[in-house]
Amino acid sequence: IANIDNKKSFLNMYLFLFIGFMLLSVFIQFMQLRGYEVFYNNFIIFSSSSRFDANFTQPNQAAFMLALAELACIYFYYQYKNMVWLLFSALFIIGIALTSSRGGLILGLSAIVLFNAFYNQAVRNKIKNIVVQLIGFSIVYSIGIFIYKSFNVLDSQADNAIERFSEGSMLARVSLQEQSWLMFKNSPLTGYGWGNFANGSIEYANEISLFFFSQHSHFFITQIASELGIIGLICLLPITIFIFKKISFKMDGFNAVCFTAILIVVLYSCSEFPLWYLRFLIIFAVFITLIDTKLLSVNTKYSKILAVVTLGSSILIVLYISSYLKIYNTIRYLATNDLSDNKVEETYNQIPNIFGMSVFKENILFHYIPINNERIDDKLSIAERSVATELTKRNLFRYARLLALDEQDEKSISIFKAACVLDWNGDCDNIVDELDIIAEKEPQVYGKIKYEIDKWVIDFDPKKLK
């Protein structure tokens, strides 16, 4: 991309395709709004949910992409002065409202403010355009809220993004920053290691006021600090310096839209996890590359080699997707059938070994292996790795049971407590009820543990854990 002669033409084509894709996403949102579901074999055309994610898995991800699409429309409107771009922009703003995403609302507003701030125009025009466009955004967004409330067949009482600002989930974000700080303080130079945020955070489940589990800290700086330490933070400096050196408030449309897109990704990274997903990282990389004027010379005699590598990569991608679908089918089979232990093991052994997906294969195994003393050391090893990558109450509960069977009572008690604390609302009922059931069946294994947990849970208050 850096070597493209006409970067503006490339950007226009890229954004045209992006807008087309996101128009399809808004259509999916309206189908979800009315409760429609369409599946084709193993592929989800669209499925319903109470917040309309347009098949992006998370509503926040959909809102982020819709904010970028809104930005693209603003750019094209300034370039072509055609009202159709305002119409498309309105559709994307309605789409943001349908996600009920607070972050999406902020990103949608930021697209307007940042683009106009960077764009080369008189200060008076900057202010006028920002005010007018923010008013227009507010009107269209209100229409989106009306649609969300009036035509939502799944949950007409669901809170919109503005109402959700009063939720207590901000406490969860604070909890995650506390976890990050404790992890960084324990290993400041190198951190806990790439991808080990979840594994490291469990060590502090009983040390912070409210423990809330997540695979990441919801803030990219503390995420990097906790996993990669000072060394990781130093690696941020070059791109940070590069961006700040390039910023200007007298940019042409090309640079204004690229810089605004970059900053929207950065803003989103302050509350979510986009740069750790390849699809979002590629978007970020494309805009960074477009503003980087350095060229890379490639010897043409290597063009055939590059062509072969590209073709080989495409074939590998197809094979990779095929293997992923096999895993998906296996999970569905295990989840929807009552199988014997031997059948579970036999089915598990049929899962292909795929590079980069071994962790998911182990998680499947841990989810279904019988909890008993047979090969207890192997099961504990699998449990530790699974808890590190998929920290859920179910996984913690199963891990604690295996520790109890291995006579590691103190650690088992700690993990049972962590399972309680994992829910930041402090709801231990399910854990206690399940523990009562297994303690009644195997009192020699779980009797002492149940006694300690019952004593602890009487005074359990997530606000007084310190």
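**Helix packing and voids**

Mentor: The axes of H1 and H2 come within 9 Å and cross at roughly 130 degrees. This is a predicted model, where local features need pLDDT of at least 70 and side-chain atom pairs count only at pLDDT 80 or more, while totals for chains, interfaces and linings use all residues. Residues are numbered from 1 along each chain as its sequence is written, and side-chain values use heavy atoms, without hydrogens and water.

Trainee: Is the crossing of H1 past H2 left-handed or right-handed?

Mentor: Left-handed means the near helix is turned anticlockwise from the far one by less than a right angle; right-handed means clockwise. For H1 passing H2, the crossing is left-handed.

Trainee: How do the residues of the contact of H1 with H2 divide?

Mentor: Contact means heavy atoms within 4.5 Å. Leu15 and Phe18 are among the H1 residues, and Leu68 and Ala72 among those of H2. Ala, Val, Leu, Ile, Met, Phe, Trp, Tyr, Cys and Pro count as nonpolar, Asp, Glu, Lys and Arg as charged, and the others, Gly among them, as polar. The division is 18 nonpolar, 3 polar and 1 charged.

Trainee: Which residues in H2 and H11 meet?

Mentor: Helices are DSSP runs (H or I, at least four residues), numbered from the N terminus. The axes of H2 and H11 (residues 278-291) come within 12 Å and cross at roughly 20 degrees, and the two are therefore roughly parallel. On the H2 side are Gln61, Phe64, Met65 and Leu68; on the H11 side, Arg279, Phe280 and Ile283.

Trainee: Which residues make the contact of H16 with H19?

Mentor: H16 (residues 393-405) and H19 (residues 443-458) pack at about 115 degrees, with axes 9 Å apart. H16 passes H19 in a right-handed crossing. H16 brings Arg401, Ala404 and Leu405; H19 brings Val445, Tyr446 and Ile449.

Trainee: Which residues line the largest cavity?

Mentor: On a 1 Å grid over the protein atoms alone, a cavity is a set of points where a 1.4 Å probe fits but cannot get out; a pocket is an open set with protein on both sides within 12 Å along at least five of seven lines; lining residues have an atom within 4 Å of a point. H1 (7-33), H2 (59-80) and H10 (253-269) each supply at least two lining residues. The lining has 9 nonpolar, no polar and no charged residues. They are Tyr14, Leu15, Phe18, Leu68, Leu71, Ala72, Val257, Ala261 and Phe287.

Trainee: How much space lies in the largest cavity?

Mentor: Grid points are joined across faces, edges and corners, and a volume is the space filled by probe spheres set on the points. The structure holds 1 cavity of 30 Å³ or more. The space in the largest cavity is about 50 Å³.

Trainee: Which helix gives the most to the lining of the second largest pocket?

Mentor: About 540 Å³ of space lies in this second largest pocket. Its lining divides into 17 nonpolar, 2 polar and no charged residues. H9 (220-246), H10 and H11 each supply at least two. The most, 11 residues, comes from H9.

How values were computed: Axes fitted to C-alpha atoms, helices over the stretch in contact; angles between N-to-C directions. Parallel < 35°, antiparallel > 145°, perpendicular 65-115°, else oblique.
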